[in-house]
Structure formats: C-alpha cells, structure tokens
Amino acid sequence: MSALEIAAAVRGGERTARAVMEEHLSLIGAREAELHAFNLVTSEQALAAADAVDARVAAGDDPGPLAGVPIALKDNLCTTGIPTTCSSKILAGWKPPYDATVVERLTAAGAISVGKTNLDEFAMGSSTENSAFGPSKNPHDITKVPGGSSGGSAVAVAAGFAPLALGSDTGGSIRQPAALCGVVGVKPTYGRVSRYGLVAFASSLDQIGPFATTVADAAALYEVIAGHDPRDSTSIPEALPPVLPRLGDGVAGLRVGLVTELCQAEGIAPDVAARVAAAAEALSEAGAKVEEVSVPAVIYGLSAYYLIAPAEASSNLARYDGVRYGLRVDAPTTAEMYDRTRTAGFGPEVLRRIMLGTYALSAGYYDAYYGKAQKVRTLIIRDFQAAYERFDVLISPTAPTTAFALGAKADPLAMYLNDICTIPSNLAGHPAMSVPFGSGDDGLPVGVQIMANALDEVTMFQVAATLEGAMA
Amino acid sequence: MTPSTPSPNASVLPEGWGMVIGLEVHCELATATKLFCCCPNHFGDQPNANTCPTCLGLPGSLPMLNEQAVELAMRLGRALNCDVKRSVFSRKNYFYPDQPKDYQVTQYDLPTNLGGHLDLPSGPRIGITRAHIEEDTGKLNHVGGGGRIHDAEHSLVDYNRSGVPLVEIVSEADMRSSEQAKEYANELRAILLATGVSDAKMEEGSMRVDANVSVHHLGEPWGTRCEIKNLNSVRSLGRAIDHEALRQIDLLTNGETVRQETRHWDEASGRTGTLRVKEDADDYRYFPEPDLVPLEPSAADIARIDAALPVLPGARRAALAEAAGVPATAGGVVMAVERGLDHLARAAIGGGADAGRVLTHVEHNLAVDGAETLSPERFGDLVKMETGGELTATQAKTVLAEMVATGGAPAEIAQARGFEALDSSALEGIIDGLIAAHGEEWEQFRSGDDKARGKLSGFFMGKVMQASSGQADGKAATALLRRKAGL
C-alpha cells in the first residue's frame, strides 16, 4: 500500500494505524538484521503513536493527511528524547531536547516515526559505508551498497519497512541512494524545507527531502514538510504552491533539456546513459519537446563542492569537543581533551573533510580555495539560469552507475565521483529529484534525475509523474 | 603614520615620549532577548537558566536574528556618525569551552557600522573605525587549583551569557593620554545611555574596555602595541594605560623591545602581566555565516533611526554652555549633562537665575537621587534668593537639599528654618558690638601680619555667626570687617 492509500484507509476508519504499524514492524523484524536500515527502531513509541491516531479517528477527529503512515527518519534529524547519532561515535548517548521542524510537521500531519535510519557519518559519503555502526545493504542485492549518505532511508523505503522516509541531501545524498535502491528521492529548492533540527553538514547546501515508492507519495510528504519556518533564517517566505492537484497535468508542450555535460560526465555507464535516453524518448512521446542543452560550468561542480562543503563542515563540526554532550575522552588539559575526543569520535572520512575544510579557510588560502569555489558556484547558477530561459526542466543520470559492491570504492576520489550529476543542483540551490526508470545490465535499478528552476517543484513533480507512468 | 600633536599628558611620561591609544569597547545591547534565540538577556540568574538549543549550540539548532539588536546597533552607529551599510555575519572559528559552537557569530569584512567619530568634551575628535554586532560567549568558573583554566581542578560553564548581543566599537588610535582614553570611555558610555543602546555597566561587564597602547619618541614612528584586558572601571583604564606606557618606556630605555602581546590588568597590584603572546596573527578562518542572510538596511530604515535619535550629550553640553555663557568643558556643564540635569539648568538660567550659581549647585550640591525632579522655577527662585542676599550660600545648599527631598518652595523652606539673611544694618550692628567688646583682638587684626590677621578673622567670624545664630552671610561679614579695619 502506498502512503496515500494508508492515510485514506486510516482516516476513513477502514484500517487502524496500529494494524498498519504492526505490519511494517513485522517486515522490519524479518529483514532488518540483513539490511541494517536503522540505527534505532522505536517500536514502542510507534505503536503508542498509532494508538493515539486511532483514538483520534474514533473520536471523529482528522489526524491529518499522513494519518497513520509509518515514516523512517534519517538519524541526523533531531527527535525529542530519542538518540540522534549521525552514525557517529562522537554523539554517543546524546538525546536531543527538541524536535526538528520537519518532525513537528510530520507529527501534526499524523505520520508516525518507526525509527532512525543509518547514514554515512554526518552525511559524508555516497555508500553508507562510512557509518560508525556498519554499512546498510541494498535490498535488491545485499552484496551492493544502497548509496548514501541517506542509505538507511532509501533501504527502509525500498524494503517496505516504511512507505515514506526523510533524508538530507547536501550533494546528492537523497537522490543517489534513491536511484541505487529504485525509489523516488527529492531534494527541494534550498530554503523550501526548514533545516531547524537537521544536524548540519554544510549549511549552505543541506536540504531535507522525501523518499517514497511513488511520485505522488513523495509529493504528499513534500507538501507536509515544506513551507516557511521563522526558526531557519534561510527558509523561503513565499507561499507553497500545492503539488498533488497538478501531478497529473502531463508534460505536453514542456521544454526538456538533456544536459550534455552530465550525460557525458566521467564514469557514466552506457546502460545508465541508455536509460536516460529512454526517459527522454518517453517524455518526447508524452508531448514534451526534448533537446540537448549545454550547462558548461557544471563540470567544475565537484571541485567547488569539495571546497565549500568541507569548509562549512569544519566549522559546523567544531562543536563536538567533549565539553557539553556526546563522547568525551578525558585528558590533563582542555586542548588534549579536544584532541583525544575528536580523534576517537570521528571516523576517517569526517576527519579528512575537517582537514580539507580547515585548510581551505586558512589565512592565505581562502581566496585561492573557498573564495574561488564560491565564484564557481556563481557561474553554475548563471549557466543554469541561462538554461532555464529555454527549458522548463533539465534531465540527466542521477548516478553514474547502478549500485556498486560494498568495499568497491575505497579510494575517496572514486567515491566522490558518484555525486558528479547531483552536486550542481545543491550548489545552485535548485530542486532536483531522482525517479526510478528501469534497470541496468545487472538488473539493478537506474534513476533519472529531473532538475528544475528554483521554486518550481510543481513542474519537476509533473515530469517525474510522467516518467513513472511511462514505466507502468 | 606619526601623530602630529605632542602628548598632552606629558607629565606622566618622561620628556620626549608620547603614547598612542586605541580602544575596543564591547557593549551588551539592552535587548529583552538574546541575539539569535528567545532566551532572556538577563544578568545574574541561576547558571544555565537562560539557555535553549540555539544558545547552547546543540546539533541542529539555528540562529534567528533579533531585530531589536540590529535596531540598537544601527542607532549606536548613527549616534557615532557611522555609515550604516549592508552587512554580513561571519563565523570566527576557535576552540574554547565558553563558546558552545566553537565559533563566534560576528561581523568581519562587512560590519553594520563603518567610519564614524566621537568628539571628546575637551575637544579632540576620535575616529570610530567600526561598530559591529556579535554574540557574547558563556562564562567559565574555574574551581580549585589556581583558579585559572590551566590549573583548576575542574571548570564549570554558565551559558546564560552565551548569545547575548554585543556591539564592538573599535576606535582609531587617536588618543594620546590616559585622560583622553577615560574621557572617550565616559563619553561613549553617555552616548550608550542616552540612546538606550546599553546599560553600559562596567562593573557588571555590560561594557568592557580593552586598550591598545604603544609608546614612541615624539616625532618618530609608533612603537609596538600591547592590548590590555580586564579593565573593570574607567579609573582602572587610566591607571592601566599609564602603567603600561611606563613599562614599555622602561623596556625601550633599557635597550629591550616591546613584544606584541595581550596583557592582563591586575587591579590589586596595579600592574599588567602577560596573558598570551601573539606570535603570528591568530587564524580565525572567518567565512560568511551560511545560517544567516545579509542585513540590507534601506534609506528609509536609516532615516527612521536618525529621526528617533535623542539629542546627544555633546549637543546638550553645547546648548547649556551657550545658555550659561561658559565653555562646554566647564565642570558644571559636563556634570549637568552627565546627571541629566541640563534641562533643569537651562530652564533656571532661561528664567533669569545666575548661570554661575546654577552650575555650581549642579556640580556640587545636586549629585543626589531625585535632583532631576526639581522644578526649574523653584530652583531658579532659590538661586535668585541667594544672589539677592536673602540666603547665604550655606543656607541655600540646605534649602536645596530639602527641596529635592520634599519638592517644597524655597521661600517656605527658608522661612520654616528661620533662614533670613541679616540685612546689612543688623550685620553692622553686630560687628560694631564685637569691636567694642574685643578691643585688643581688633587692634591685632588691624595691625598684625597676614598670619595673625587670618587667625583673628576666624575669631571674629565665629563670633559673628554666634551672634547672628548662623544667619550672617560669611562673605558680607568678612568684607565689612576688612572695610572697618581700613584694609
């Protein structure tokens, strides 16, 4: 059952939220040990919340548009009283005293959290192998990675543990695992969804977004979590146009650009390229006007990203110092306590990025690295703007290949290349999503990325729905 | 750069030396809540009572800018004649346990206020480099050991102050003496109070002054500067600057060099000591704070702030000085503005009261609570009674004190106390009687030397006061005595 079907059944009294939750908990019980989607399954709280939803229905109340729908939350979203680890040893034992804005909105909409999902430590990675608690496995082939960093959320939805999940996307961390796991993954416009309560990786790039098995479910979840929040100063004040009523509008007359630089980027596998070509063909058949378009500056996206994101991370992760919460390794002096705590608490990829970022911001290097990366970012925005003058949406592969084997990308640079197609939208702040579109030569899912201009999620979802329909 | 003016405070320095001073002043803004969250901005509560995820820097928390803080900072900027421009918050990255995020949100290359000035009451114009907005840190309490972070048994952190809004006001190195530095601090404080920007209490730390001090041979380039911290009063500021300048001169005259360093003022010993040496410039890895958006004040915003500015202390001193016909630096004028009594003084002078007596009362007899409630008419009447000979200076002071306490009219208070200045014939009668009764003393007063006359003047004045029950005007009596003695 889709999330929307569950919500309709629960709101209509045809199914109880408890029955829905028990069914999902039993699925989790059957396969979680094998897949490791979760850092924590909160069964008791979930069942109690389900009973509360049922009580409201029984009392004649409407618990909301996602009434009784189980949802998995990436473990970098703050949840009151429930450990939030970012899959890092450094947050050991920490329980937030507050809910993230998205968690508050989910609760208000009647959705029920089933637990906190695994991720690459502090969302730094593309395979979920950088988790301090061990990797998650791809439900389509457990010898393969699910992608990352929101791998646990993608696995949870792909395995049917929950029809919905939330992830965060800094350079592709929702879209890439969605592609590798064969589900829908959405990164909204920067500022559409409040970041309040999302543990920061790179503040100017981070954005929370939905995972779902269908485009309509993803749109429903997006409508619940998006919208202005005064607690996030970068939150967009503009009103949120509803997506669901326009989802079936089709693509007739829409101008679709196939981004040359991304379709021909380093490492794009032929079977993936073929699926993107097939998607272009499907859109064309549905009445869209599809052409190739060049967005030249996107080829510098990866380099700019690996300066900006680590720079911001080096500052955002400074607070994990052993003074106030989480891990502390005692030492005779404060400086040594910092050193020992952080060395013991952070994994190698996090340490690498802190080093990179610290270097990029250092006196004498700032202009050459961080400053120049920001200029590249401006160029990427400029080139996208030029493309959006001629096109309504742009498409490309989401990831260069289907899911790769666990341990296959030990070289950090090989891993970083996974995000070559997704990073430009983060740098531009534009919305982008991945929608499953068939499979590669190995039978594993392939995702097609749909990118749109800032604030134009509606058109992006329409194109996604059309592709979804073409596969049906 | 070399200073063009010689040190006006040459007295504390050896001949030929000058000092150069710049001040950095941190002021807590008088907002209801903190800079980036809704916690109360309140001093003296239970440790960590006023905290939330944001001011504790908990994972996932975000800053939400306090509009009132921005308004107050811009108001101060305009009061200091600064350009108020588009500004950007930046992160200053460094590890310290009092800083919950291990970075401070401040302003770096694009501060809210740039390039103003402050005119000292004594005349010199001191440049203001910038006045930017930033958040305060928490407070460390080192327990046991030597009471410092290095040797304490353990340390406790109170984050009530974390995220309290500050402005940092950086002056140009335009001051040449501790007197000028003290004057600057006092004047800045007066502006902060007049504009309602800060309560500016140095003893509670809501105004904190750091001094950059260097010395040089007059006419030669400036020397290496040291920064002095922990100055808890204007008096400490003056003492510390003079001590530091003399220390540096001592080093230089002994062939040593001054190291650029941060020094700690120890009030008890009256000395500065090394806090930390700046080997290289600290690398704070500033970058624009991605969790906040730039501040872009419109021309209309600035016009509104300007329109709401009160008349500032400098202008108030000038107005009173003009009304009184004295220099703006006159003690009574400075005191009147400092105590908020300039309106009272101007009204009394405008009503015809003698300006000199008005300012004297303000300076010496009105340093009391409630002085600001005095009626200008009644205050003017008192001064007129005094200058008209109806009250002596001593009596006027007594009556004034009662006026402040009760709000009564001076004539009624004087009458109730039996204060009636003796008319001149009654005074002459008393003096004639004393001359007749004390012939020997009178002869010595007339013919003796200055020492003897001084002593006998006191003798006769005592008798006059005794005979008049204290109602004689001392000045008039002295004059009459001397006239009768043919002096």
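Q: In which sense do β5(B) and strand β6 (residues 125-135) of chain B pair?
A: In this predicted model, the two strands form a hairpin with five residues between them, and B:Gly123 in that turn has a positive phi of about 125 degrees. One bridge within the pairing sets B:His117 against B:Gly127 in β6(B). Six bridges join β5(B) to β6(B), and the sense of the pairing is antiparallel.

Q: Which strands of the nine-strand open sheet in chain B stand at the edges?
A: The order of the strands in this sheet of chain B is β2-β5-β6-β9-β1-β10-β11-β12-β13, with mixed pairing. Two of these strands have a single partner strand each, so one side of each is left without a neighbour in the sheet. The edge strands are β2 (83-84) and β13 (271-277) of chain B.

Q: How many bridges join strand β12 (residues 261-266) of chain B to β13(B)?
A: These two strands run antiparallel, and one facing pair along them consists of B:Glu261 and, in β13(B), B:Val277. The number of bridges that join β12(B) to β13(B) is six.

Q: Are B:Arg263 and B:Glu244, whose side chains meet in a salt bridge, buried or exposed?
A: The salt bridge between these side chains spans 3.3 Å, N to O. B:Arg263 lies in strand β12 of chain B and B:Glu244 in helix α3 of chain B, so the pair ties together parts that are 19 residues apart in sequence. Since the cut-off for a buried residue is under 20% relative accessible area, the value of 6% places B:Arg263 in that class, and the value of 0% for B:Glu244 likewise makes that residue buried.

Q: How many residues apart in sequence are the parts that B:Arg86 and B:Glu296 tie together?
A: The side chains of B:Arg86 and B:Glu296 meet in a salt bridge of 3.4 Å, N to O. B:Arg86 is partly exposed at 41% relative accessible area, while B:Glu296 is exposed at 56%. B:Arg86 belongs to the loop between β2 and β3 (89-93) of chain B, and B:Glu296 to the loop between β14 (287-288) and α4 (299-308) of chain B, so the pair ties together parts whose separation in sequence is 210 residues.

Q: Which three residues supply 22% of the area that chain A buries against chain B?
A: In the contact between the chains, 39 residues of chain A meet 33 residues of chain B. Together the two chains bury about 2,700 Å², 58% of it on carbon and sulfur atoms. The three residues of chain A that supply more of its buried area than any other three are A:Ser233, A:Arg319 and A:Arg324.

Q: Which element gives the largest share of the side of chain A that touches chain B?
A: Between the chains there are 17 residue pairs in polar contact, and in one salt bridge the side chain of B:Asp102 meets that of A:Arg324 at 3.8 Å, N to O. Three helices of chain A, α10 (301-316), α11 (334-345) and α12 (348-361), each supply at least two residues of the side that touches chain B. The largest share, five residues, comes from α10(A).

Q: Where is the cis peptide bond that has an omega of about 10 degrees?
A: Most peptide bonds are trans. The cis bond joins A:Gly148 and A:Ser149.

Q: What is the relative accessible area of A:Phe122?
A: Most residues other than glycine have a negative phi. A:Phe122, however, has a positive phi near 55 degrees, and this residue lies in the loop between β3 and α5 of chain A. A:Phe122 is buried, because its relative accessible area is 2%.

Q: Over which residues of chain B does pLDDT stay under 50?
A: Chain B has a mean pLDDT of 90, and 96% of its residues reach 70 or more. Where pLDDT is low, the predicted coordinates should not be read in detail. In chain B, pLDDT stays under 50 over residues 1-10.

Conventions:
Residues are numbered from 1 along each chain as its sequence is written. Chains are lettered from A and ligands numbered from 1 in the order in which they are written. This is a predicted model: local features need pLDDT of at least 70, side-chain atom pairs count only at pLDDT 80 or more; totals for chains, interfaces and linings use all residues. Side-chain values use heavy atoms; hydrogens and water are left out. pLDDT is the predictor's confidence in each residue, from 0 to 100. Contact means heavy atoms within 4.5 Å. Helices (H or I, at least four residues) and strands (E, at least two) are DSSP runs, numbered from the N terminus. Buried means under 20% relative accessible area, exposed over 50%, partly exposed in between (1.4 Å probe, protein chains only). Two strands pair if DSSP finds at least two bridges between them. Buried area is the accessible area (1.4 Å probe) that two parts lose on being put together, summed over both. A salt bridge is a side-chain nitrogen of Lys or Arg within 4 Å of a carboxyl oxygen of Asp or Glu. A polar contact is a pair of N or O atoms within 3.5 Å; within protein, one must be able to donate a hydrogen and the other to accept it, and residues adjacent in sequence count only if both atoms are side-chain atoms.
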